[in-house]
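Hello,

Here is the structure I promised to pass on. Have a look through it first, and my notes follow below.

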Amino acid sequence: MERNEKEIMSETSDFLPLLGTDYIELWVGNAKQAAHYYKTAFGFQSLAYAGPETGVKDRTSYVLVQNKMRLMLTSPLHSNSEIAEHHKKHGDGVKVLALWVDDAYDAFEQTTKRGGKPYLQPTTLTDADGEVRMSGIHTYGEVVHLFIERKNYTGAFMPGFKKLESTYNPEPVGLLYVDHCVGNVGWNQMNPWVKFYEEVMGFKNILSFDDNDISTEYSALMSKVMSNGNGYVKFPINEPAEGKRKSQVEEYLEFYEGEGTQHIAIATQDIVSTVKQLMARGVEFLKVPNTYYDDLLDRVGPIEEDLEPLRELGILVDRDDEGYLLQLFTKPVEDRPTMFYEIIQRKGAKSFGKGNFKALFEAIEREQELRGNL
Ligand code: FE2
């Protein structure tokens, strides 16, 4: 097999080679209902389950899948538990950003010796389908990274889970994989977390936005995008910046009661079709004013898509040196104005939609204002 320079480079210099996102786990108040929501509204499919029936006494976990994206929804069964405490404080939110690795023991060794705070000592889980090795470290807020090694496993998900069969299987909507996950951190905490991803996990800062890029009349934020060596895993980190009014990041921090994952961006190959289906199933999206489309093509140049469906659905477009991207953001998917999703289709562009920030943040601020939080 021919190997390019980049691959050889990343093998020699990347002390934490990542194969991608393994799964994302949300700790929620009612995992059974959340699973129904993600199947019905987002088109996820049942994959695996753990709970009292599989010997787990303190929680239930439902694992759903759509193409390469796995989502785990976990709820506590009693008040006296870490999960219940987490839910009481934060509401529904991301607990685990699990990363797929070739060697979970080495991932733990490499990251903890560089200052990563251990969350899960290296562990091997086995069942009739083989073994999964895992370990984990803490990141911002109460979020953790688990390192999952599954090369010797052939089961549905991992030991401790049984295959989740269901007679209720709504159609997928074309969601493919996790494109990036954004963390919101506190005042002056962006750079320390950038340093964490650089030093502990070997990530690089590939893009930075300051409050001049990301500010409206009222509020501001700063952001740095961290990427692993092969670019499969990208974690932008936001912190609030001073503005006339309260930053959307501050609103998040106030209602999440701490730092946490702000949004998960999921890739699609056909955003018009995906968003149309999501809307038909009741997913709510942020809406930019119709005037956004009046000069869109002057701003971004020629695109392959027809403008009319983009305008109708409110899909945003941005261009960088390498191509363009189409994106759209949901409203928060909980009652607290905290986590939301982004749907993104990349046509060459590797950036994050900087050209849309202003229109987008003004849309967010209109929602903030309705909540009385601007
Ligand atoms: Fe994003």
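This is a predicted model: local features need pLDDT of at least 70, side-chain atom pairs count only at pLDDT 80 or more; totals for chains, interfaces and linings use all residues.

**What I found**

Residues are numbered from 1 along each chain as its sequence is written, and side-chain values use heavy atoms, with hydrogens and water left out.

Y38 also belongs to the largest nonpolar core, which has 88 residues; L26, Y38, M201 and I264 touch the most other members. Such a core is a set of buried Ala, Val, Leu, Ile, Met, Phe, Trp, Tyr and Cys residues joined through side-chain atoms within 4.5 Å, where buried means under 20% relative accessible area with a 1.4 Å probe, protein chains only. Helix 2 (residues 31-42) contributes its largest share, six residues; helices here are DSSP runs of H or I with at least four residues, and strands are runs of E with at least two, numbered from the N terminus. Domain 1 (2-163) and domain 2 (175-371), with bounds from an automatic or database assignment, each supply at least three residues of this core. A second, separate core has 18 residues, including M72, A98, M134 and L146.

Now the metal. The iron ion has H180 (NE2), H263 (NE2) and E342 (OE) as protein donors, 2.0 to 2.2 Å away. Donors are N, O and S atoms within 2.8 Å of the metal (3.2 Å for Na, K and Ca), and water is not among the atoms, so the site may look incomplete. H180 in strand 10 (residues 175-184) and E342 in strand 17 (residues 340-347) are 162 residues apart, linking distant parts of the chain. Both H180 and E342 are buried.

H263 turns up again at the largest cavity: of its 20 lining residues, V182, N238, H263, F357 and F361 lie nearest the centre. For cavities, a 1 Å grid over the protein atoms alone gives points where a 1.4 Å probe fits but cannot get out, and lining residues have an atom within 4 Å of a point. Helix 10 (357-370) is among the elements supplying at least two lining residues, and gives the most, four.

Best wishes

Technical notes: Buried means under 20% relative accessible area, exposed over 50%, partly exposed in between (1.4 Å probe, protein chains only). On a 1 Å grid over the protein atoms alone, a cavity is a set of points where a 1.4 Å probe fits but cannot get out, and a pocket is an open set with protein on both sides within 12 Å along at least five of seven lines; lining residues have an atom within 4 Å of a point.
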